[in-house]
Amino acid sequence: MRLDIPEHKILVHELSLPIMWGDMDALGHVNNTVYFKYMEQARVSWIEAINGSVGDGKDGPVIANAFFNFYRPLVFPGNLIAKLYVADPGRTSIDTFVTIEREDEPGSPYAAGGATLVWVSSTDGRPVPLPEPIRALKGTPALPGSDAPRALPGK
């Protein structure tokens, strides 16, 4: 099954990461599980950039679902660019999407995936409102095809 990434997404963050030798599997390409780590790091660095931290000890994000579509195998050595997009922010959740490209092949995705984040209380595990900087994205017009990350709220 292939899951589609919506056109109405907003590019909010880009992150360069090295492809590590240990990321590869016995077949000589980046293991499929590692792509989820790349996506996680893109989300974490974006949330830290706009919120100051991923969680404040009282609440933070959990993943409700996650997926990846793989187009071509990534191989060592090199650097990748993870482009993080968001769509459909709600009161307690937001959809995030990522495309993975090699730095030396811009605009040519190797994989694309997504995850729904739900902000939850660490006390009782119940959903709580998204942090203000993330909620501020609600109503921001999407820019399909834009290659420049959107300005951070309040910046």
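Predicted model: local features only at pLDDT ≥ 70, side-chain atom pairs only at ≥ 80, totals over all residues.
1. Residues are numbered from 1 along each chain as its sequence is written, and side-chain values use heavy atoms, with hydrogens and water left out.

2. The structure holds four salt bridges (a salt bridge is a side-chain nitrogen of Lys or Arg within 4 Å of a carboxyl oxygen of Asp or Glu). Three of them are described below.

3. Take Glu105 and Arg72, a salt bridge whose closest N and O atoms are 3.4 Å apart. This pair links distant parts of the chain, 33 residues apart: Glu105 is in the loop between β4 (93–102) and β5 (109–121), and Arg72 is in the loop between β2 (59–70) and β3 (79–87). Strands here are DSSP runs (E, at least two residues), as are helices (H or I, at least four), and both are numbered from the N terminus. Glu105 is partly exposed at 28% relative accessibility, and Arg72 is partly exposed too, at 30%. (Buried means under 20% relative accessible area, exposed over 50%, and partly exposed in between, using a 1.4 Å probe and protein chains only.)

4. Next come Lys83 and Glu101, whose side chains form a salt bridge at 3.6 Å, N to O. Again distant parts of the chain are linked, with Lys83 in strand β3 and Glu101 in strand β4, 18 residues apart. Are these two buried or exposed? Both Lys83 and Glu101 are buried.

5. Stay with Glu101 for a moment. Its relative accessible area is 6%, so Glu101 counts as buried. The Glu101 side chain also reaches the backbone nitrogen of Gly107, at 3.0 Å. Leaving out residues up to four places away in sequence, Glu101 touches several others, including Asn79, Leu80, Ile81, Pro106 and Tyr110 (contact means heavy atoms within 4.5 Å).

6. Finally, look at Glu132 and Arg135, where the side chains meet in a salt bridge at 2.6 Å, N to O. Why are they separated by about one helical turn? Because Glu132 and Arg135 are three residues apart in helix α2 (residues 132–135). Glu132 is partly exposed, at 45% relative accessibility, and Arg135 is partly exposed at 33%.

How values were computed. Polar contact = N/O pair within 3.5 Å; in protein donor to acceptor, adjacent residues only side chain to side chain.
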